[in-house]
Structures are given as C-alpha cells and as structure tokens.
Amino acid sequence: MRIHRIPSEKVKQEQPSVDLSPLAHLFEKYRNKSGSLIPLLQGTQHLYGFIPAPAFDLISKETGIETADIYGVATFYAQFRLNPVGKVIIKVCHGTACHVQNANAITDAVQDELEVKDGETTPDGLFTLESVACLGCCSLAPVLMIGDNSYGKLTGKSAVKVVRDIKETMKNEN
Amino acid sequence: METSIKPKIIVGLGSCGIAAGAAKTYDKLLALSQSGKYDFELAKTSCIGMCYKEPLVEVQDKAGSVIYGDMTDDKVIAVIEEHFATDKIVAGMAVHSSYSEASEDAYFNGQVKIALRNCGYIDPESIEEAENREAYKAIRHILKSEMKQMDVIQTILDSGLRGRGGGGFPTGMKWKFAFQNENKQKYIICNADEGDPGAFMDRSLLEGDPHAVLEGMIIGGYAISASTGIIYCRAEYPLAIKRLNIAIKQAFDKGYLGQNVMGKENFSFDIYVKEGAGAFVCGEETALIASIEGQRGMPRKRPPFPAVSGLWKKPTNINNVETWGNVPWIINHGAPAYAAYGTTKSKGTKVFALTGKIKHGGLVEVPMGITINDIIYKLGGGIQNDKKFKAVQLGGPSGGCIPAELGHTIVDYDSVNATGAIMGSGGMVVMDETTCMIDLAKFFLHFTQDESCGKCTFCRIGTKRMLEILERITEGKGEPADMEKLETLADQIKNNSLCGLGQTAPNPVLTTLKYFRHEYEAHIFHKKCPAKVCKPLLTYTIDAEKCTGCTVCGKKCPSSAIEGGRKTTHSIHQDKCIKCGECFTVCKFDAVLVE
Ligand SMILES: Cc1cc2nc3c(=O)[nH]c(=O)nc-3n(C[C@H](O)[C@H](O)[C@H](O)COP(=O)(O)O)c2cc1C
Ligand code: SF4
Ligand code: SF4
Ligand code: SF4
Ligand code: FES
Ligand code: FES
C-alpha cells in the first residue's frame with residue numbers, strides 16, 4: 001500500500017540545511033492557480049533532489065494548504081523523496097519483461113557490490129539503489145539505468161562491472 | 001516515403017533506440033555528413049517498433065528505402081559507406097526495404113498500421129512532416145465542411161472504436177454522453193499514464209507522432225464542445241513530454257489550437273500537459289482527475305461518471321492515447337474502412353508491446369481477430385533459443401495468462417475475456433518453460449499490493465494476505481489449504497473493491513490457478529519448482545562424472561557448503577547449503593545440477 005512510502009524513523013537521515021529562497025519563483029509561477037500542489041512539489045524536488053522538511057511549512061504558508069495535506073500528497077506519489085539521495089542513482093528495472101529475464105539477480109548483485117539494500121543510499125552519499133518499473137526498453141531486458149544511460153542484456157556480473165566502472169570514473173574525477 | 005534526388009539517412013531516436021545506443025549512431029553519421037565525403041541529408045524519426053533490431057537506420061535514395069538494423073556506432077559507418085559505394089543494399093544487414101526482400105519482412109507484413117501510421121516515418125518534432133502525412137487533415141475537413149457535432153460522434157460510433165486504455169468502452173457512446181450534457185465548461189483528457197509495467201505502446205505513439213494524439217483531442221473537443229484538453233502523462237516519459245510540448249507549440253502557431261481553431265468561430269481549444277508523479281492507480285479515471293486537481297490520486301465512487309461530473313466537477317471526456325490516435329484516421333478514411341478490420345464486436349487494430357522470451361520483441365499493430373499464435377510465431381518469430389512456449393500474459397497486473405494450449409485464441413475483447421485474462425492496454429509478455437507461473441503471479445500481486453491506494457479494506461489487506469500466501473508457497477512452506485484460501489480471498493477482493501485495480505488484482509493468481517494448477521501442487525505438495533526459479537525449493541548437487549575439481553565453486557560458496565580439494569570431486573553438504581545458486585553459475589563444466 002502507498003503508506004509504505006512514509007519513511008520509518010529508522011531510515012530517516014540527517015537532512016542538510018537548505019536555502020529555501022529559490023522556491024520564491026515557483027510560488028510566483030503557481031500563485032492562485034488551482035491544482036498546482038503537485039507541480040510545486042515537483043519543482044521543489046527538481047531544485048534540491050528531494051523535498052526538504054522545512055519546505056513543507058513554507059509551501060503551506062504560501063498556498064494556504066494544510067501541511068498535513070501536503071505531506072499526504074508527497075507520500076502518496078512514488079516520485080517524491082523526503083530524504084536526500086546519492087550523487088548517482090542506479091535504477092534497476094523491475095518491469096514485467098525485466099522480471100521474467102531475472103532482474104532480481106541484477107538487484108542482488110548490485111546490493112552486494114554497494115553493500116546497501118534496495119532504496120538505500122551508500123554511507124558516502126555516492127550511490128542510491130532504486131527499483132523502477134519499465135524503463136521502456138524491454139527488449140534489452142534486464143536493464144539498469146544510470147543518469148541518462150541505459151545498460152541492457154545484463155547479468156549479475158556485467159551489472160557489477162557497470163557499477164565498478166562508474167565508481168572508477170568518479171574516483172578519477174575527484 | 002518520397003524519394004528525393006539527394007539521399008536521406010534517417011535514424012530512429014525513440015526512447016528505445018536511444019537506450020540501444022542510437023544517439024551515438026546519430027553522432028557518427030553527423031560527423032560523416034559534416035566531413036563532406038558524401039552528400040546526404042540526415043534526419044531523425046522515432047520508433048518503428050522493431051526494438052530487437054535497434055538502433056535502426058533508414059537510407060532513402062533513388063532506389064527507394066532500406067532499413068538497416070543493429071546499427072550501433074561501431075558498425076554504422078562501414079555499412080553506409082558500402083551502401084553509397086556500391087549503390088546496393090548491404091547484404092545481410094537490411095531488415096526491411098521498399099525494393100527488395102529483407103530479413104524482417106514477416107514482422108512488417110503482418111501488421112496494419114493505423115494508430116502508428118506515422119511512427120518511424122516522420123520527424124516527430126516537425127509539424128510539416130506530419131502534415132505531409134495527413135496530420136490535421138481530419139479537423140480541417142470537419143471545420144471547413146461544417147460537419148455537425150453529432151455527425152462526428154456518429155462516425156466514431158459507426159467505426160466501432162472501443163477504448164484502448166483497457167476498459168474497451170465504445171468511444172462514440174462516451175462522447176455522446178459528454179455531448180448531451182449542457183454544461184458550458186467541459187474538458188477533454190488524454191490518459192497517458194501508461195502504468196502497466198512492461199508496456200510502452202502509448203509512449204511510442206506520443207514520442208513518434210504527437211500530432212495524431214493532439215488532433216484526436218481537438219476533434220473530440222469539437223464534438224463535445226470542450227475548450228480545454230489536458231494530457232496526463234507519466235513523469236517517467238521525459239522524451240514524450242518534451243515532444244508533446246513542442247508539438248503543442250507548433251499546432252498553436254499554425255492555428256490548430258488556440259482562439260478560434262482554424263478561423264472557426266465558436267470553437268477555441270487549448271491543450272496542456274500535466275505530469276504525473278508516479279502512481280499506477282492514477283491511470284484510473286477518477287483518480288487521474290483527483291491528481292490533476294492536486295490531490296492524492298484516490299479513485300472515487302462512480303456514478304457520477306466523469307461525463308457528468310469530472311475535472312473541477314465539470315463534464316469530462318477521458319480517452320486513452322491510442323484511442324485518440326485512431327480518431328483522425330477514422331475521420332479521414334471513414335468508419336467503414338476502420339470497421340473493415342477486426343471481428344463483430346471488436347473493430348480496427350490494436351497495438352501490442354511484445355516482450356519477454358520472444359525473439360522479436362517490439363511494438364506491433366495488428367488487426368483484431370488475429371490469433372495469439374500468429375502474433376507470437378509469425379510476427380514475433382517464436383521463442384528465444386527455441387525453447388517451448390508456455391504462456392502469454394495479457395493486460396499486465398490486471399490481466400491474466402493464456403496458456404500455450406489456448407494459443408489459437410483470437411485477439412478481441414470477448415475472446416480474451418473468456419479465457420480469464422483481459423485485453424488490457426496492450427502489454428503482451430511471452431513466457432517459456434523457464435518462467436515459474438507462481439513467481440509471476442507473485443510479481444504482479446506484489447505490484448498491485450504496492451500500488452493499492454488503500455481506500456478499500458479488501459484491496460488493501462486482502463492483496464497483502466494473498467501475497468503472503470504466495471510468498472510462503474514459493475519458499476516451500478505452502479499448505480494444502482492454500483489454493484482454496486487464495487480462491488476465497490480473490491473472490492472477496494474482486495467483489496468488494498471500489499475501482500478496477502482491486503477488482504482485477506486477483507486475475508493473475510486466478511488464471512495461473514486455472515491453467516497451471518499442477519505447478520501450485522508441485523510447490524505445495526512436492527516442494528519443487530518445475531521451472532527451477534524458486535530458489536528455496538531447489539537442490540544443488542555435483543555430478544561426480546563432470547566435476548574436474550577446479551575448486552572455483554568452493555571459493556564462491558558463501559556458506560562453505562562445498563567440500564573437496566584440488567583435482568578431487570567436490571560435493572555439497574545439503575544441511576549447510578543456503579541455495580544461493582552461486583556454484584551453479586560459476587561452474588564452467590556444467591557439473592553442478594539443480595533440481
Ligand atoms: C488501476 C487502473 C489503471 C489504469 N491505467 C490506465 C492507463 O495507464 N492508461 C489508460 O489509458 N487507461 C487506464 N485505465 C483505464 C481508465 O480508467 C479509463 O478507462 C481509460 O482511460 C478510458 O479511456 P479509453 O476509453 O479510451 O480506454 C486504468 C484503470 C484502472 C482501474
Ligand atoms: S480498489 Fe484498491 S486502488 Fe481501488 S480505490 Fe479501492 S483500495 Fe484504492
Ligand atoms: S566449479 Fe564445477 S568443476 Fe569446479 S569444483 Fe566446482 S563442481 Fe567441480
Ligand atoms: S547453492 Fe550456494 S550455498 Fe549452496 S552449495 Fe552452491 S554456492 Fe554453496
Ligand atoms: S520491463 Fe524493464 S525495460 Fe521494460
Ligand atoms: S523500437 Fe521503439 S519501442 Fe522499441
């Protein structure tokens with residue numbers, strides 16, 4: 001059920017303090033437009049990568065919508081994140097086509113490699129592992145996506161190689 | 001496809017093509033054209049539906065057109081240079097051609113493209129190319145000939161078009177209800193939330209021919225007197241959203257949208273795109289409306305139907321992307337031409353996303369009435385690695401499986417419903433002997449359970465209980481009463497859920513119970529998984545004849561269950577084995593056996 005999307009106390013992470021002033025132009029854009037709560041939340045997430053807790057109160061103040069209602073909407077939709085995410089998001093497809101081509105093996109292998117569970121972020125804040133439904137290239141199943149790049153026809157091994165390669169490039173960039 | 005003197009090279013850049021590396025292919029060709037070595041025009045198009053051969057590159061020259069498949073960036077230049085140098089089709093690389101036989105002709109020739117008529121033929125970001133292929137001809141005809149609203153609706157009624165979003169409700173009838181409502185403000189909605197995990201028909205149409213959908217909506221707006229259209233598109237389709245917005249701007253600039261459409265007094269129509277936020281249930285029409293209004297996407301009771309009280313409580317007509325895409329064609333070619341395809345009660349064509357263990361995965365548009373076997377063997381080329389065809393799942397999480405024995409079933413709403421599956425929106429996932437049907441049912445139930453909005457007790461908790469039972473069965477802890485329990489729960493959930501999500505959630509379980517009961521029995525009574533998928537039910541042993549004593553498996557085993565020294569036969573301690581399958585994967589000598 002959708003209530004699962006509310007993070008338990010255990011997985012709540014420290015939130016960095018954020019500057020909410022960039023939200024002002026969003027409020028301007030959507031002022032007095034009905035039905036704009038979701039675009040507002042999408043805009044917020046676009047700015048920060050997640051919806052920072054203090055943003056809820058600010059949105060409430062600006063729109064007059066109850067904080068509880070905003071929280072209700074934000075937790076209902078899978079797109080919204082209430083916690084910061086890693087620099088790189090690894091999306092493993094678990095759509096039907098990928099499932100029948102053994103997507104579980106991909107998630108298992110990446111979990112082992114990164115030592116995090118599905119949905120979690122590595123302690124160094126570099127990687128977040130996510131399961132998603134159909135990435136739209138089913139004939140390449142099983143598929144994972146990092147940034148705008150899709151990698152298809154994977155095995156557990158080749159998936160781990162993809163992740164290691166990315167780790168390597170990130171190391172070199174630093 | 002017109003042939004100009006100057007050759008034209010067209011690269012397929014849909015999401016699928018890009019995933020297969022088409023952007024890199026395009027860059028290589030761009031460099032080639034800039035090098036000045038050959039004189040050709042470089043263009044883009046979208047998906048032509050042949051995923052399994054992506055990236056696709058089409059060459060049009062005086063001879064006609066030829067499409068080359070598997071044109072990854074490392075291969076494309078050689079093929080194009082050879083084509084130009086010899087002026088001939090490069091042997092073995094062509095998948096389809098207007099002037100010669102090619103390897104994938106069967107895939108093309110079995111199809112009838114109505115909804116997808118322009119996908120793969122036009123640059124979706126060019127309204128002129130769309131106009132050259134009949135875009136906006138239908139609305140021009142309607143407005144110039146002052147066709148009456150009821151005549152438009154009658155044409156759609158006569159065509160027999162039924163909603164392609166899954167429900168199959170006659171489209172003309174829906175329009176008529178909305179038309180008859182006298183409210184001044186009415187809305188048109190295009191449902192582009194495509195949530196079935198494993199289906200991408202709507203995405204391909206939006207990416208490949210956005211104008212077809214816009215024109216359908218404008219015609220619908222005219223027919224029911226609506227002034228605003230909204231496309232609710234899932235956020236996971238960034239390319240579709242981008243191309244829709246480009247198309248809307250172009251249509252606006254050309255006067256197909258906006259104040260007084262094409263100079264017509266009393267008819268103004270605007271369209272905008274609303275992005276979804278990731279909730280399968282928002283594909284349900286009342287939830288979708290709640291979501292556009294900025295609320296949690298929870299379905300509500302019907303009646304009142306959206307035609308009476310929809311968005312902002314005004315009469316609203318919702319149709320699916322593919323439904324809208326068919327509309328202009330029907331106006332242009334007439335209801336009888338559309339109704340000439342199909343069966344008595346299901347007219348026209350249907351687009352399917354063919355995936356799973358099929359050789360030719362991709363997008364196909366076929367006339368209703370074709371058999372499932374024809375789709376799988378004639379178009380799909382059969383099962384991967386020539387394994388045995390076991391079943392096909394139609395309708396995604398709301399649908400069910402149809403076993404190979406019923407492969408002669410024809411594709412139309414009634415025949416598919418009779419099997420216990422549903423036509424659905426067009427996801428068709430093919431399975432072979434290595435797919436465990438209980439694992440599959442568990443997968444779908446997990447999905448619906450996760451996506452349930454939580455409003456109804458049976459949908460919220462009942463699906464959870466069913467899922468727990470399936471989990472138990474696949475872990476080898478199934479009990480004799482489980483099958484009956486599943487059936488009872490399924491019945492209760494179907495009868496006590498408010499919306500289609502709950503009402504159809506048990507279908508995958510019910511159809512697998514009906515057609516693959518023996519697999520449930522094997523899991524429950526014999527603690528075996530015949531497809532060898534459910535790990536806890538497998539036993540790993542080492543074949544002494546084949547084992548070379550290479551020690552690889554022993555090093556990999558996470559629980560030190562494998563005994564044996566270098567060059568001696570290894571063996572597995574069953575009490576220690578946690579059935580991870582690692583030894584099976586790593587053994588190069590096929591010495592590890594699974595049962
Ligand atoms: C849980 C659920 C999900 C649905 N998802 C979609 C969808 O993704 N796309 C769609 O067009 N219709 C979907 N529908 C069907 C819509 O409610 C509606 O019937 C359809 O959009 C009507 O358009 P049509 O008559 O052109 O098919 C869904 C229905 C339910 C119950
Ligand atoms: S059937 Fe399920 S998804 Fe539909 S309204 Fe009820 S709880 Fe929500
Ligand atoms: S990997 Fe295979 S061949 Fe090598 S020791 Fe293990 S069972 Fe024997
Ligand atoms: S299945 Fe896993 S635990 Fe069992 S013997 Fe093989 S490697 Fe070891
Ligand atoms: S199911 Fe994975 S890409 Fe479609
Ligand atoms: S070829 Fe475009 S969807 Fe695959």
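Q: How many Å lie between a backbone N or O atom of Arg164(B) and an oxygen atom of ligand 1?

A: A polar contact is a pair of N or O atoms within 3.5 Å; within protein, one must be able to donate a hydrogen and the other to accept it, and residues adjacent in sequence count only if both atoms are side-chain atoms. For Arg164(B) the distance is 3.3 Å. Gly195(B) also places a backbone N or O atom 3.3 Å from an oxygen atom of ligand 1, and Thr323(B) has a polar side-chain atom at 2.7 Å from one. This is a predicted model, in which local features need pLDDT of at least 70, side-chain atom pairs count only at pLDDT 80 or more, and totals for chains, interfaces and linings use all residues. Residues are numbered from 1 along each chain as its sequence is written, chains are lettered from A and ligands numbered from 1 in the order in which they are written, and side-chain values use heavy atoms, with hydrogens and water left out.

Q: Which residues come nearest to ligand 1?

A: A residue is near a molecule if one of its heavy atoms lies within 4 Å of it. Ligand 1 has 18 such residues around it, and the nearest are Gly165(B), Lys174(B), Asn319(B), Asn320(B) and Thr323(B).

Q: Which residues are closest to ligand 4?

A: They are Cys557(B), Cys577(B), Cys580(B), Gly581(B) and Cys583(B), out of 13 that surround ligand 4. Around ligand 2 there are 13 residues, with Cys453(B), Lys455(B), Cys456(B), Cys459(B) and Cys499(B) nearest.

Q: How is the size of an interface given?

A: It is often given as the accessible area lost when the parts come together. Here chain B and chain A bury about 3100 Å² between them, 58% of it on carbon and sulfur atoms; the area is taken with a 1.4 Å probe and summed over both parts. Of the area that chain B buries against chain A, 19% comes from Ala277(B), Arg296(B) and Phe443(B), more than from any other three residues.

Q: How many residues of each chain are in contact?

A: Contact means heavy atoms within 4.5 Å. By that rule, 49 residues of chain B touch 34 residues of chain A. The interface has 13 residue pairs in polar contact, both at pLDDT 80 or more.

Q: How many salt bridges are counted between chain B and chain A?

A: A salt bridge is a side-chain nitrogen of Lys or Arg within 4 Å of a carboxyl oxygen of Asp or Glu. The count between these chains is zero.

Key. Buried area is the accessible area (1.4 Å probe) that two parts lose on being put together, summed over both.
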